[in-house]
Amino acid sequence: MSRRLLAAMAKVIDPYYDLIMDEELEKNEYPSKLDEHQKLEKKSIMAQVMTKDIWNKYKDHKTKNGWTLARAINTGVTNPDSFLGCHAGDMESYTDFGPLFKGAVEKYHVGSTWKP
């Protein structure tokens, strides 16, 4: 591979988790793709519960292990056909990003009344 190609790939690949991050999430910006996903008839659970208010409240927060809201929702933003569309990077994710994961857990496990 050429150095130019490797340099371009290095800007997109997260060196800590080998994730291919959405460009807006990589810059810690609300992903415009999410607005498009939320209009679809079939959408991920994350797209059903994620709001701009949740994003604005938690976008700058990191868990003790450095997990961010951007990383938590990246899967659903980059793969709109994902069923769940979000994942926790550590145990603190469930409490630190509570509104997202509470909503996701309750939609996934219909009837759940989980409290983070």
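Predicted model: local features only at pLDDT ≥ 70, side-chain atom pairs only at ≥ 80, totals over all residues.
A polar contact is a pair of N or O atoms within 3.5 Å; within protein, one of the two must be able to donate a hydrogen and the other to accept it. The side chain of D22 reaches the backbone nitrogen of L25 at 3.1 Å, and a polar contact of 3.2 Å joins the side chain of D22 to that of K33. D22 sits in the loop between α1 (3-12) and α2. Although it belongs to a loop, D22 has a relative accessible area of 4%, and it is therefore counted as buried, the cut-off being under 20%. Leaving out residues up to four places away in sequence, D22 touches P31, K33, N74, V77 and T78.

The chain has 116 residues, of which 35% count as buried. Among contacts between residues at least 6 apart in sequence, 53% join residues at least 24 apart.

The structure holds four aromatic pairs. One of them is formed by Y30 and W55, whose rings are 6.3 Å apart centre to centre, with 70° between the planes. The pair is classed as edge-to-face because the angle is over 60 degrees. Distant parts of the chain are linked by this pair: Y30 lies in the loop between α2 (23-26) and α3 (32-39), W55 lies in helix α5 (residues 52-58), and the two are 25 residues apart. Are these two residues buried or exposed? Y30 counts as buried at 16% relative accessibility, and W55 is buried as well, with a relative accessible area of 1%.

Which residues does P99 contact, leaving aside its neighbours within four places in sequence? The contacts are with I54 and Y58. P99 and I54 are 45 residues apart along the chain, and their C-alpha atoms are separated by 7.1 Å.

Methods: Residues numbered from 1 in each chain as written. Heavy atoms only, no water. Buried < 20%, exposed > 50% of the residue type's maximum accessible area, 1.4 Å probe, protein only. Contact = heavy atoms within 4.5 Å. Phe/Tyr/Trp six-rings, centres within 6.5 Å; stacked < 30°, edge-to-face > 60°. Helix = DSSP H or I, 4+ residues; strand = E, 2+ residues; numbered from the N terminus.
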